[in-house]
Amino acid sequence: MSELFSTLSLRDLEVPNRLAVSPMCQYSCEPDGLATEWHRVHLGSRAVGGAGIVMTEATAVEPRGRITPADLGIWSDEHAKALEPIAEFVREQGGVPAIQLAHAGHKASKTRPWDGNVPIRPEEDDEAWEVLSPSPAGYPPFDGDDPSIRKATPDDIEGVIDAYRAAAERSLSAGFEVAEVHAAHGYLLHEFLSPATNRREDEYGGSFENRTRLVREVTEVVREVWPDDKPVFVRISGTDWLDDRPSWDIEQSVRLAGELEELGADLIDVSSGGLHPDQNPSGGPNFQVPLAEQIRAETGIAVGAVGGITEPEQADAIVRNGRADLVLVGREFLRNPYFGLRAADELADEPESWPIQYRRAVE
Ligand code: FNR
């Protein structure tokens, strides 16, 4: 049997294989953050398609934490209710339902990608809102002091932590088995981590300990409400890919991963970049895998690898060679919702891993 289709044990959770659907925003809610039929069919078909873990898109813990007005949210019980049938369906297919808990920070209040992904501001647009940031500047085109970017006050920070706690409680009630804290891609928690965007002078800025404080506090409250038998993941950007200025890098990521493990995180989902347009990523197949591999080697915590993984053999080799414990696949799962079934077939797994309804295709 391939390593990709071996069981992954995290706490008491047995993930049936090492293949996960990477979180991917669908921008498909009306401006209320509620899951729709689109989400049910989109995530459900990937569960039918053989993914061991099916993760929701970035799900906002509070309304101003959405990237666009059409983003998914989990800031009320009604939001949790709308997600419940999705989690149940994923589980019925033998998969593990996971939710990514997110706050978009100063990359919030934008139009959808297909409408240009441009910032919208409350002065000009009814659907816009004031966005939250560690510092009022940092992300072009708002490199000066932008009046519609709010520098997070101590009360705002406490509010974000409380919102994460409530969101985790609701996620559990909706039936999710993995909670992932989104601390990557230039969104709020990453903005605090990186000296390129965090220019605070209080206890949340400056030193490594101060810049990582919010991520640690959020992970702690999520861990507090998430049951002991279920895992918590944290997605980070392993590096900002900004060599020309103080920024977030792999050495800091390794150190943070070790600290998050002590706080009860079970897996670090290692992506990269997204913080600043001047980034210079290497790119290509497996380009982020070395970041995951280094964190795994230097801390011993389980890691997820993601980015440019499109072939079953490639995914299997990442696990087989001890480079990561889990492989997250994004765009290939958009191209082919049944990527997991294709992988099982190509890696000569048993046809039993296909849904009974589809088995005649491979027998
Ligand atoms: C993404 N990505 C992403 N990442 C994340 O952490 N939360 C999210 O909600 C999203 N949303 C999103 C939407 C779409 C349409 C795409 C294509 C990507 C990033 C994604 O999870 C993944 O890390 C990258 O796409 C790289 O993996 P692939 O696509 O090369 O397998």
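This is a predicted model: local features need pLDDT of at least 70, side-chain atom pairs count only at pLDDT 80 or more; totals for chains, interfaces and linings use all residues.
A residue counts as buried when its relative accessible area is under 20%, as exposed when that value is over 50%, and as partly exposed in between.

**Two residues with positive phi**

Tyr 27 is found in the loop that runs between strand E3 (19–21) and helix H1 (37–48). Its relative accessible area is 14%, and because the limit for burial is under 20%, Tyr 27 is classed as buried. The backbone of Tyr 27 has a positive phi of about 50 degrees, although this residue is not a glycine.

Trp 241 likewise has a positive phi, in this case of about 60 degrees, and is not a glycine. Trp 241 lies in the loop between strand E9 (232–237) and helix H7 (250–262), and with a relative accessibility of 17%, which is under 20%, Trp 241 counts as buried.

The loop between E9 and H7 also holds Pro 246. Pro 246 has a relative accessibility of 59%, and because this value is over 50%, Pro 246 counts as exposed. From the C-alpha atom of Pro 246 to that of Gly 49 the distance in space is 42 Å, and the two residues are 197 residues apart in sequence.

**The ligand and its surroundings**

The ligand is surrounded by 16 residues, and the closest are Ser 22, Pro 23, Gly 308, Gly 330 and Arg 331. By class, this shell is made up of six nonpolar, seven polar and three charged residues. The space that the ligand takes is the largest pocket.

| Residue | Atom of the residue | Distance to a ligand oxygen atom |
|---|---|---|
| Ser 22 | polar side-chain atom | 2.7 Å |
| Gly 308 | backbone N or O atom | 2.7 Å |
| Gly 330 | polar backbone atom | 2.8 Å |

On its own the ligand has 600 Å² of accessible area, and the protein covers 80% of this.

Ala 20 has its place in strand E3, and because its relative accessible area is 0%, which is under 20%, Ala 20 is buried.

**Other positions along the chain**

Gln 288 is found in the loop between strand E10 (267–271) and helix H8 (289–299). Is Gln 288 buried or exposed? With a relative accessible area of 5%, Gln 288 is buried, and its side chain is joined to the side chain of Ser 272 by a polar contact of 2.7 Å.

Gly 322 is found in the loop between helix H9 (312–320) and strand E12 (326–329). Its relative accessible area is 28%, and because that value falls between the limits of 20% and 50%, Gly 322 is classed as partly exposed. The C-alpha atoms of Gly 322 and Ala 297 are separated by 9.0 Å, although the two residues are 25 residues apart along the chain.

Leu 193 lies in helix H4, which comprises residues 188–193, and Leu 193 is buried, with a relative accessible area of 0%. Leu 193 and Asn 210 are 17 residues apart in sequence, and from C-alpha to C-alpha they are 8.6 Å apart in space.

Terms used:
Residues are numbered from 1 along each chain as its sequence is written. Side-chain values use heavy atoms; hydrogens and water are left out. A residue is near a molecule or strand if one of its heavy atoms lies within 4 Å of it. A polar contact is a pair of N or O atoms within 3.5 Å; within protein, one must be able to donate a hydrogen and the other to accept it, and residues adjacent in sequence count only if both atoms are side-chain atoms. Accessible areas come from the Shrake-Rupley method with a 1.4 Å probe; for residues, only the protein chains shown count as cover. On a 1 Å grid over the protein atoms alone, a cavity is a set of points where a 1.4 Å probe fits but cannot get out, and a pocket is an open set with protein on both sides within 12 Å along at least five of seven lines; lining residues have an atom within 4 Å of a point. A molecule sits in a cavity or pocket if more than half of its atoms lie within 2 Å of its grid points. Ala, Val, Leu, Ile, Met, Phe, Trp, Tyr, Cys and Pro count as nonpolar, Asp, Glu, Lys and Arg as charged, and the others, Gly among them, as polar. Helices (H or I, at least four residues) and strands (E, at least two) are DSSP runs, numbered from the N terminus. Buried means under 20% relative accessible area, exposed over 50%, partly exposed in between (1.4 Å probe, protein chains only).
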